[in-house]
Amino acid sequence: MNQSDDALFENLVNIHADAVTRVCYMNLNNFSDAEDAWQNVFMKLWKSKSMWDKPENELHKWLVTVALNECRDIKRRLFHRSHFDIDELNVEYTEDFDKEVVTAVKSLPEKYFQVIYLYYFEGYDIREISSILSSKENTVKSRLKRGREMLKGVLRNE
């Protein structure tokens, strides 16, 4: 790699770092695991130089997909290594979103959490979410609808 490759890669990291961080943290609920996933995502980008020239939205979608897969892999490793109670984690959430809503969204089963998160927090439409999650659009629509219903129930109980 030459100096211009380093500068281009650094620019791509600067552009997409926040979004990848949010995806990793929201899925793993732990800063150190999220940092590991983040690093793995950008190592994969470093190795996939062909992605560097893709349009911004296509690269962003690719990074979110890789981040979700990385998080899934880390969760599997953590599950086999040890179990921990996520309710005992006391991590401050510093985004602009209401902490109560974020907590409620995180409490949803993973398949509903992912579509709610990608739709409302990352701003993807149903077609893009179906591409990211490798699901049919109707599946995404039904998970979004069921996730919203579950979310209403959780928020009413709180």
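Is R76 buried, partly exposed or exposed, and at what relative accessibility? I looked it up: R76 counts as partly exposed, at 45% relative accessibility. Buried means under 20% relative accessible area and exposed over 50%, with partly exposed in between (1.4 Å probe, protein chains only).

I noted the ground rules next. This is a predicted model, so local features need pLDDT of at least 70 and side-chain atom pairs count only at pLDDT 80 or more, while totals for chains, interfaces and linings use all residues. Residues are numbered from 1 along each chain as its sequence is written, and side-chain values use heavy atoms, leaving out hydrogens and water.

I then turned to salt bridges (a side-chain nitrogen of Lys or Arg within 4 Å of a carboxyl oxygen of Asp or Glu). By this rule I have eight salt bridges.

Entry on R76. I found its side chain in a salt bridge with D73, at 3.1 Å from N to O. Both residues lie in helix α3, three residues apart, about one turn of the helix. I took helices as DSSP runs (H or I, at least four residues), numbered from the N terminus. D73 is partly exposed, at 30%.

Entry on E70. I found a salt bridge from E70 to K44, with the closest N and O atoms 2.7 Å apart. This pair links distant parts of the chain, 26 residues apart: E70 is in helix α3 (residues 56–81) and K44 in helix α2 (residues 31–47). E70 counts as buried because its relative accessibility is 5%, whereas K44 is partly exposed at 37%.

Entry on E58. I found E58 in a salt bridge with K54, the closest N and O atoms being 4.0 Å apart. E58 is partly exposed at 38%, and K54 is partly exposed at 34%.

How values were computed:
Helix = DSSP H or I, 4+ residues; strand = E, 2+ residues; numbered from the N terminus.
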